Amino acid sequence: MAEKSRPSTGSTRDGGTPADVAVGARTPRRSDGPRVRPSNGLDRYFGISARRSTLTRELRGGLTTFFTMAYIVVLNPIILSGPDITGASLPFASVAAVTALVAGVMTILMGVVGRYPFAVAAGLGINAIVGVFAATQMSWPEIMGLVVLEGLLITVLVLTGFRRAVFEAIPSQLKTAIAVGIGFFLTIIGLADAGVIRPGSPLISFGVNGQLAGWPLLVFIVGLLLTSVLVVRRVRGALLIGIVVSTVLAIVVEAVAGVGPRTGADGAEVNSRGWALQVPTLPEELVSAPDLSLVGQFSLFGGFERIGVIAALLVVFSIMIADFFDTVGSVTAVGAEGDLLDEKRNLPRSQPVLLVDSVAAAAGGAASVSSNTTYVESAAGVADGARTGLASVATGVLFLLAMFFTPLVEIVPSEAAAPVLVIVGALMVNQIRHLEWDDMTVVIPAFLTIAIMPFTYSITNGIGAGVVSYVLLHVAAGRRREVHLLMWLIAALFVVYFALEPLQQLF
């Protein structure tokens with residue numbers, strides 16, 4: 001179903017349209033009027049004027065994306081800091097520096113080659129899978145070698161056109177459901193990062209003992225309300241302003257109240273009212289030399305020798321499925337938010353984007369920081385005006401600078417970035433209006449996609465549930481001819497993916 005244009009209500013005081021200043025403003029289509037002639041080579045290469053954007057919006061959007069996902073520089077080493085089966089651990093400082101390095105290089109490459117506002121970094125969820133395999137079956141170099149192989153395999157699938165074919169084979173209704181599901185997923189992430197929702201009994205609990213208690217939660221609430229007002233008022237850079245103001249407030253609160261961290265060095269909760277990830281304190285030093293010693297520390301086929309060929313192939317398969325469809329979901333959701341998709345909900349000229357994303361997976365393994373993938377948090381920059389790859393170049397440069405300014409990056413607490421994720425989630429859920437609600441063979445798969453994605457904290461699980469149920473219900477309704485041939489293959493692969501645990505035990 002073709003995406004409808006957002007209505008315009010007239011002109012603003014400076015002669016522009018409301019879409020020029022609105023958060024989440026769409027990219028006008030050809031029917032919206034004549035294209036603006038590029039003013040210079042940079043404009044021409046990235047298509048800034050062609051997508052009705054400006055240099056200022058692109059740089060601002062890139063900055064917003066960076067601050068929304070900069071947490072990965074700290075969180076990735078936390079996830080990958082445990083010992084492997086040999087007892088060896090990855091050095092925290094080196095993982096942080098190399099995480100920023102790979103994210104910076106690959107995000108710049110995405111901007112220059114892909115020319116879309118997608119940022120790339122170590123994939124959450126995928127790094128957790130890698131960490132589990134390292135703790136239970138292989139050494140860090142061995143599991144990173146399998147990540148490299150997974151990335152190379154996906155690169156081959158891109159070069160043969162298979163990955164793009166799969167992307168285009170997914171029905172438009174499911175793609176819309178993916179975008180909506182990711183909207184809820186981002187909201188869940190934001191609420192969890194802020195501590196509004198936490199693990200509890202029977203499933204999740206609200207705040208601290210059912211109450212919004214603690215200074216960090218106050219920072220989140222103030223940030224959420226402020227950002228919401230700025231968005232409604234159509235203030236330029238609303239999301240970025242929200243992050244900056246919330247961070248300043250957090251620094252003041254910590255200086256006065258001395259809240260401290262929520263968890264101790266061992267990961268156990270020591271203060272339920274503390275800061276979730278980073279404690280917002282001004283660092284003693286702003287610059288530190290990056291430790292890049294982890295680059296190249298991988299064993300390409302060591303995992304096969306350690307656990308056997310079949311078991312190693314299953315590990316590669318599980319990482320590949322997660323990587324493959326995380327990207328499908330992220331590209332679809334971010335593209336939908338920026339109105340960058342065509343009438344069939346496909347991303348035009350997607351091959352370069354998929355190629356860079358695939359190379360990033362291998363690069364992450366080669367650098368020992370886990371597979372890198374396209375980040376759904378890119379939607380924050382898109383919602384703040386970014387429409388071209390120039391925004392990604394800006395984000396990538398900031399990641400490279402973060403290698404040297406890691407102490408400065410750590411100032412921004414998750415409670416200050418979380419409001420942006422909730423707001424972007426609200427903008428993306430708006431895509432639900434494009435779903436058709438009178439066909440249950442589509443409604444049920446769409447609902448499963450939307451529901452399972454946030455509740456299982458996995459984009460891949462949501463897509464898998466939607467694909468498998470879509471194929472099954474169309475067969476049950478006698479409409480198997482409406483199912484694309486590749487959808488059968490995707491469904492079969494997801495059946496294997498969901499049955500991976502018994503298969504691993506078997507082999």
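**Close-up views of the nonpolar cores and aromatic contacts**

**Figure 1. Surroundings of Ile143 in the predicted model.** Leaving aside residues up to four places away in sequence, Ile143 is in contact with Val130, Phe133, Ala134, Met138, Val315 and Ile319. Ile143 also belongs to the largest nonpolar core, which holds 94 residues. Together with Leu146, Ile182, Phe325, Leu347, Val424 and Met487, Ile143 is among the members that touch the most other members of this core. The greatest contribution to the core comes from helix H13 (residues 309–337), which supplies 16 residues.

**Figure 2. The ring pair of Tyr45 and Phe46.** The aromatic pairs number 11 by the rule applied here. In the pair of Tyr45 and Phe46, the ring centres are 5.1 Å apart and the planes stand at 85 degrees, so the arrangement is edge-to-face. Tyr45 is partly exposed, at 33% relative accessibility, whereas Phe46 is buried, at 7% relative accessible area. The charged end of Arg115 is placed over the ring of Tyr45, at 3.7 Å from its centre.

**Figure 3. The ring pair of Phe66 and Phe399.** A distance of 5.1 Å separates the two ring centres, and the planes are at 80 degrees; the pair is therefore edge-to-face. Because Phe66 lies in helix H3 (residues 55–69) and Phe399 in helix H16 (residues 389–402), the pair ties together parts that are 333 residues apart in sequence. Phe66 is buried, with 5% relative accessibility, and Phe399 is buried at a relative accessible area of 0%.

**Figure 4. An aromatic cluster and the charge over Phe324.** Phe324, Phe325, Phe494, Tyr497 and Phe498 form a cluster linked by ring pairs. Over the ring of Phe324 sits the charged end of Arg163, 5.0 Å from the ring centre. Phe325 is also one of the residues that touch the most other members of the largest nonpolar core.

**Figure 5. The protein chain as context for the close-up views.** The protein chain contains 22 helices and 4 strands. The C-alpha trace spans about 65 × 65 × 50 Å along its principal axes. Of the 507 residues, 55% are buried. Among contacts between residues at least 6 apart in sequence, 79% join residues at least 24 apart. The chain exposes about 20400 Å², of which carbon and sulfur atoms supply 66%.

Note on methods: Residues numbered from 1 in each chain as written. Predicted model: local features only at pLDDT ≥ 70, side-chain atom pairs only at ≥ 80, totals over all residues. Heavy atoms only, no water. Core = buried A, V, L, I, M, F, W, Y, C linked by side-chain atoms within 4.5 Å. Buried < 20%, exposed > 50% of the residue type's maximum accessible area, 1.4 Å probe, protein only. Helix = DSSP H or I, 4+ residues; strand = E, 2+ residues; numbered from the N terminus. Contact = heavy atoms within 4.5 Å. Phe/Tyr/Trp six-rings, centres within 6.5 Å; stacked < 30°, edge-to-face > 60°. Lys NZ or Arg CZ within 6 Å of the ring centre and 35° of its normal. Areas by Shrake-Rupley, 256 points an atom, 1.4 Å probe, with all protein chains shown as cover.
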